[in-house]
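User: Hi! Could you walk me through some helix and ring packing here?

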Amino acid sequence: MKNAKGFSKVLSAMAVSMLILSACKGGDTKTSTTAKVDQAAFPIKVSNNKKSIAGGTLKYGLVSDTPFEGILNTVFYEGDPDSQVLQFFDEALLSTDENYIYDQDGAATYKLSDDKKTITLTIRDNVKWHNGDPVTASDLEYAYLVIGSPKYTGVRYDSQMSMIEGMEDYHNGKAKSISGVKVIDDHNISITFKEANPSVLTGLWTNPLPKKYLGNVPIDKLASSDQIRKAPIGFGPFKIKKITPGEAVEFEANKDYWNGAPKLDGVLLKVVNPTIATSSLQNGDIDIASVSADQYDQAKKLKNIQLIGKTELAYSYIGFKLGHFDAKNGVNVMDNTKFSDKRLRQAMAYAIDNKAVGEKLYKGLRVPATSVIPPSFPKYFDKALKGYTHDPAKAKKLLDDAGYKDVTGDGLREDPNGKPFKINFASMSGGDIAEPLAQFYIQSWKDVGLDVQLLDGRLHEFNSFYDMVEKDNPKIDIFAAAWGTGSDPDPSGIWAKNAPFNYVRWVNPENDKLLKEGISAQAFDEKYRQKVYDQWQELVNDEVPVIPTLFRFGLDGVNKRVKGYDLTAGQGFQGHLQDISVTSAESEKNK
């Protein structure tokens, strides 16, 4: 999932530029803006002992400098803004525990066969779509038929999907159904894999599609259909009452929700620009909003909110465009030779001081990313991996060894053939500090002799940025982005040869081998899987198809009238949204 949480604005652009540059050049570190925040000081859930009122409307701020795209279906959405809308009205059939492992508390229960190849889901009796139709096993089968179809326009078809028995034949048009997906009756469905796969308990697709509601729409037209764009339905605790495209969504309680009617009457979601997010919390205009690190100093002074937080399943990165996605054959092709020498990629990684950025700009709420598996997966995050620390001298030597030398004497290196070497850098807009941060990266690379220029001389809006990245716009050489990894430790969805989300288009035989081993039957042995993922992280670190930049600690500001909001996996918006309530009719304002 693309992470769209942009940078918010408190510090001016000039102040941020000076702050970062001084950090990298050994400037003053004793200013108040550089005080590091103790992540452990933040609770993971709100504390509110007041009595809940009956009903009430929760006001949720979707903090973004761009409208949500409005692809309101789990099978088709790609951006984080749409995901934030979806969380209120749709959900998966299986819920997870605090370790992101499926439990038996969701809209369906499951049973894994003795050979661990087949999982059988049983949907509860009272699970209904918002239009009153029951959620059936055929609806989940339909989701698999859509995702596996050659006419599917989304990006959910990945290695996990291709491992289902009969899926490849269906995907290649050789079969009209998927032999491994069997509807037993309205409530029961089995999914059989070619081999036992440990990710079946963390990464199985369990989001159904309402077949009766969508079935008359051609698969290649679904993403643009009114049923998804204008009148989407789910089976979650709230249902959509009104959509103001890109700006707001009004939800009302789903009284027939399978897990009990919500305590709230409804939710009002509205897009809030990062520049006014904290002031909106202060005024009680919204009850919940993410708080970026540069707004922390302002937010922590507010008496009408609680700050809660947790390490996110995410990382920021700079990616190299190494090729393109061959949509016809469904594979990534690494055919761009501009960055074929990994010494160039390694040098660009050594040129950046992520530690200074995390400490100076993000006050410790961001820390240097050393891997592409975040520490929110403690079992699989390779703590021994050091990543790329700031070392300009090593960067220069690598560039010298690779043949990138300043032939003309202008301070900028030419390529190994003595020709000018320019790198186009795409980065997203997102508040006052977005451009200074991009310029800091550019200056860091210039300091080691590389001519890097901002693509089109400007930052690009979220939707247009990802449109260019996904379509492999040839103007892009490198790009700055972020990933929400999802709760399945298997990284195949982003990194496999056939993954459309593999935006850097990195193809590597050892990568294929290790990813396959990580979801093999042997990987049910946790120590074996840990060893495989350690080797995989070391491979990515050495090859540097991306430069991991920062791991994230996410903060939410929550109005003190809110009760039951919990960021623990399996809680809060992740399965217990119906239990959230408010203790007053109006939001508290800062006094």
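User: Which helix holds both F462 and Y466?

Analyst: Happy to start there. This is a predicted model, where local features need pLDDT of at least 70, side-chain atom pairs count only at pLDDT 80 or more, and totals for chains, interfaces and linings use all residues. Residues are numbered from 1 along each chain as its sequence is written, and side-chain values use heavy atoms, with hydrogens and water left out. F462 and Y466 sit four residues apart, about one turn of the helix, and that helix is α14 (helices are DSSP runs of H or I with at least four residues, strands are E runs of at least two, numbered from the N terminus).

User: Are F462 and Y466 buried or exposed?

Analyst: The cut-offs are under 20% relative accessible area for buried, over 50% for exposed and partly exposed in between, with a 1.4 Å probe and protein chains only. By that rule, F462 and Y466 are both buried.

User: How many aromatic pairs are there?

Analyst: Rings of Phe, Tyr and Trp (its six-membered ring) pair if their centres lie within 6.5 Å; planes under 30 degrees apart are stacked, over 60 edge-to-face and the rest tilted. By this rule the count of aromatic pairs is 29.

User: What is the geometry of the pair W129 and F235?

Analyst: The W129 and F235 rings are 5.5 Å apart centre to centre, with 85 degrees between the planes. This pair links distant parts of the chain, 106 residues apart, with W129 in the loop between β3 and α3 and F235 in the loop between α7 and β6. W129 is buried at 4% relative accessible area, and F235 is buried at 1%. The pair W129 and F235 is edge-to-face.

User: Why is helix α2 largely enclosed by the rest of the structure?

Analyst: Elements covering its buried residues include β1, β6, β7, β8 and α14, where contact means heavy atoms within 4.5 Å. Helix α2 spans residues 80-89 and is largely enclosed because the buried residues number 10 of the 10.

User: How are α10 and α12 oriented to each other?

Analyst: Their axes come within 8 Å and cross at roughly 160 degrees; axes are lines fitted to C-alpha atoms, for helices over the stretch in contact, with angles from 0 to 180 degrees between N-to-C directions. Angles under 35 degrees count as roughly parallel, over 145 as roughly antiparallel, 65 to 115 as roughly perpendicular and the rest as oblique. Therefore α10 and α12 are roughly antiparallel.
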